[in-house]
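Please consult the sequence and the structure while working through each solution.

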Amino acid sequence: MYNHPRAIGGVVAALRAAGLPCILVDDGSDADCAAVLDRLAGDGVEVLSHDRNRGKGAAVASGFRRAAQRGYTHVLQLDADGQHDTAALPTLLAAAHANPGAVIAGYPVYDDSVPAIRLYGRYLTHIWVWIHTLSLRIRDSMCGFRIYPLRPTLALLAHAHVGRRMDFDTEILVRLDWAGVPVVNLPVRVRYPQDGVSHYRMGRDNLLLTLMHLRLFLGMLPRAPQLLRRLFRGRP
């Protein structure tokens, strides 16, 4: 997480109420936010700190590696901004128990607080993801509320290029799909609070996303025969 001092307490409280241990990855937050995280540490909450801001993807990857060191087989990724309704936790956890080899991917169900530009802008990425996978297997590739099986995820991160900033969520899900990891899509309510904080940088992150889609499109081309066989055989 990076500079979400007001929201992170509620996110952690919801996870701990569900009986889940937490690894908070401080991705170079400022001193005020770091102090909040220090107060949250303990009683099932670990804080792992980056010395500088490395990006969302780098922070999530650090969390994956620490979870593997702790002996966990799965990781629940939840953004620190408090936008996702944690009431969906029992449903996602039950799906992970029933499908231990799959990624359980939340897809957003918005209320009236969603900015129109965010809502419609996502559809451009949806279309590209459907092209990259030659399927509709991934309902939404940008939602930061999902459960990963660690073994295939860490294997992928060790051998494939995956974006380290805002391009991470989409790229890792597409590449896991390419690797044959099933994706189970489940609805999650999402709201945009009026005082919410966004760290999306229009110029830099739009460029990163454009380059990511170019990488994935070029990566799809040699995989197209295999992806088409999956499609025509009716494999999920």
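A salt bridge is counted when a side-chain nitrogen of Lys or Arg lies within 4 Å of a carboxyl oxygen of Asp or Glu. The model examined here is predicted.

**Exercise 1.** Determine whether the side chains of D51 and R54 meet in a salt bridge, and state how exposed each residue is.

Solution. The N to O distance for D51 and R54 is 3.3 Å. The cut-off is 4 Å, and the pair is a salt bridge. D51 is exposed, with a relative accessible area of 65%, whereas R54 is partly exposed at 33%.

**Exercise 2.** Identify the parts of the chain that the salt bridge between R16 and D43 connects.

Solution. The closest N and O atoms of R16 and D43 are 3.8 Å apart. R16 belongs to helix α1 and D43 to the loop between α2 and β2, so the bridge ties together parts 27 residues apart in sequence. R16 is partly exposed, at 28% relative accessible area; D43 is exposed, at 70%.

**Exercise 3.** Describe the setting of the salt bridge between E171 and R175.

Solution. The N to O distance is 3.1 Å for E171 and R175. Both residues lie in helix α7, four residues apart, about one turn of the helix. Both E171 and R175 are buried. V162, in the loop between α6 and α7, touches both E171 and R175, and its other contacts include L157 and F168. With a relative accessibility of 4%, V162 is buried.

Note on methods:
Residues numbered from 1 in each chain as written. Predicted model: local features only at pLDDT ≥ 70, side-chain atom pairs only at ≥ 80, totals over all residues. Heavy atoms only, no water. Helix = DSSP H or I, 4+ residues; strand = E, 2+ residues; numbered from the N terminus. Buried < 20%, exposed > 50% of the residue type's maximum accessible area, 1.4 Å probe, protein only. Contact = heavy atoms within 4.5 Å. Lists of a residue's contacts leave out its neighbours within four places in sequence.
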